[in-house]
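Here's a quick tour of one protein chain, spot by spot. Keep the 3D view open and find each place as you read.

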Amino acid sequence: MTHSHRLLRGALFTCLDDPGEDNTPLPDTTRYLEDGAIWIVDGHIHAVDDYATLAARLPPEIEMVDYRGKLMMPGFIDSHVHYVQLDIMASYGHQLLDWLNDYTFPAECRFADAEHARQSAERFLDELLRAGTTTAQVFCSSHPISVDSFFGAAQRRRLRMLAGKVLMDRHAPAALTDDTLGGVRDSERLIADWHGRDRLAYTLTPRFAPTSTREQLDAVGGVLRSAPDLYLQTHLSENRGEIAWVAELFPERRDYLDVYEHYGLVGPRSTFAHGIHLDDGQRRRLAEPGANIAFCPTSNLFLGSGLMDRLACRDAGLATSLASDVGAGTSLSGFGTLQGAYQVGALLGQPLTGWQGFYRLTLGNARALHLADKIGSLQPGYEADIVVLDPDATPLLSRRLSCATTLAERLFALMMLGDDRTVAATWANGQPVHVRDSAAAGSA
């Protein structure tokens, strides 16, 4: 059997564990090599070491890609994003519930058209890879074709993606609402077609409690109990008006979280976007079954929803992940998400270091999504999803990094000044899927 061998040479940084919150990482949690090498065999990382150490072991005629002068990291991960909302990014001036009615629902109605769904999926993945993001947990629309289109495009690019069809059977336009159980049946068909196929996984996707009846939420809980390897994603406690609405719709439940708990939706593979307005008891209730909160800082700031207390979640044992939440989020770039997270943290007296930021964007998010045995770190056996960063991408970034004297300073400056221009190349499953400034970029 013929094996595909590649070697990527250049500086590399990866996290091996949570580096902690201090500006000095905990011992043995990070690895940096100034002249490193990643040996890839058949889409997986075979070895990572100093180039000089690996050079003597390499097979003859191995394909070598020279990234000296760049910085290699694991591909970025986005735990919550709506691909069907790409065209309504930067829509002016509403908080959550009005924003949904005025912008989101009309945009999602267009995904009944198969060609629109196909083109949108391709365009979204082009942008995601241009930003260095190789894995995301994605909301599609309520139309099954939107899921088929997304998974088909992701499969062709050999990407590791999680996605699901939005479930809504009330309080939304007729063009978007499901028959109460029909949406669940559609989900079961999509699960059979896509879950576990190549690098794809299905995530059950009730939009949020107000747009699902008790009957639909109960049916979703039944599917999840019968197939615990499925994921679940929804929204929780993003906006005070939303919380009050949930209390009116579910007066028998003690709080918003209890709606999801009652129907069996809170588990180890459950992601709850936002979680801004939670108390410590609710955080502990989420932590106990192993759920995670997707922290969406640019969205929270844009919609004026509030400031998510990341360290309160940590103290309660609750995992958090980092997410763009496009379209309310203002950037698909992980750098934009990190910059927003720093700003939210600064307002709460909990600034984010470069160590912790890049950990959250890679291995931390992989752990929250139960994928840390596959992606999120540059280690032997992991899938070769890699982002190559250019410290000279802009004159300002280049000048700032040339003045940095420590790796901590370089990582923080890169985090705060980087953007999609900083991504020189993106690799997925051992193949280049985006090359900056290439005519073929995004079409691999």
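**T271 and its neighbours**

Leaving out residues up to four places away in sequence, T271 touches S79, Q137, L232, Q233, T234, N292, A294 and L369. Before you go on, keep in mind that this is a predicted model.

- T271 is part of strand β11, which covers residues 270-274.
- Is T271 buried or exposed? It counts as buried, because its relative accessibility is 2% and the cut-off for buried is under 20%.

**Helix α9**

- Helix α9 runs through residues 280-287, and its buried residues are Q282, R283, R285, L286 and A287.
- What covers those buried residues? Among the elements doing it are β10 (231-236), α8 (256-262), β12 (292-295) and α11 (310-315).
- Strand β11 is also part of that cover, and that's the strand where you found T271.
- Look at the start of α9 too: a side-chain oxygen of D279 comes to within 3.1 Å of the backbone nitrogen of G281.

**Helix α3**

- Which residues of α3 are buried? They are H116, A117, S120, A121, E122, F124, L125, L128 and L129.
- The cover over them includes the strands β5 (76-82), β6 (133-139), β7 (161-164), β15 (423-428) and β16 (431-435), along with helix α4 (144-156).
- Just past the end of α3, have a look at G132, whose phi is positive, at about 85 degrees.

**K165 in its loop**

- You'll find K165 in the loop between β7 and β8 (166-167).
- K165 counts as buried because its relative accessibility is 0%.
- Where does its side chain go? The side chain of K165 reaches the backbone oxygen of S142 at 2.6 Å.
- Setting aside residues up to four places away in sequence, K165 touches S141, S142, P144, V147, D178, G183, D186, S187, L190, Y202 and T205.

**A nonpolar patch on the surface**

- Four leucines, L301, L307, L347 and L348, make up a nonpolar patch on the surface, and together they have about 330 Å² of accessible area.
- One of them, L347, sits in helix α12 (residues 334-347).
- L347 counts as exposed because its relative accessibility is 61%, and the cut-off for exposed is over 50%.

Note on methods:
Residues numbered from 1 in each chain as written. Predicted model: local features only at pLDDT ≥ 70, side-chain atom pairs only at ≥ 80, totals over all residues. Heavy atoms only, no water. Helix = DSSP H or I, 4+ residues; strand = E, 2+ residues; numbered from the N terminus. Buried < 20%, exposed > 50% of the residue type's maximum accessible area, 1.4 Å probe, protein only. Contact = heavy atoms within 4.5 Å. Patch = residues over 30% accessible without salt bridge, like charges linked within 9 Å, V, L, I, M, F, W, Y side chains within 5 Å. Areas by Shrake-Rupley, 256 points an atom, 1.4 Å probe, with all protein chains shown as cover. Salt bridge = Lys/Arg side-chain N within 4 Å of Asp/Glu carboxyl O. Polar contact = N/O pair within 3.5 Å; in protein donor to acceptor, adjacent residues only side chain to side chain.
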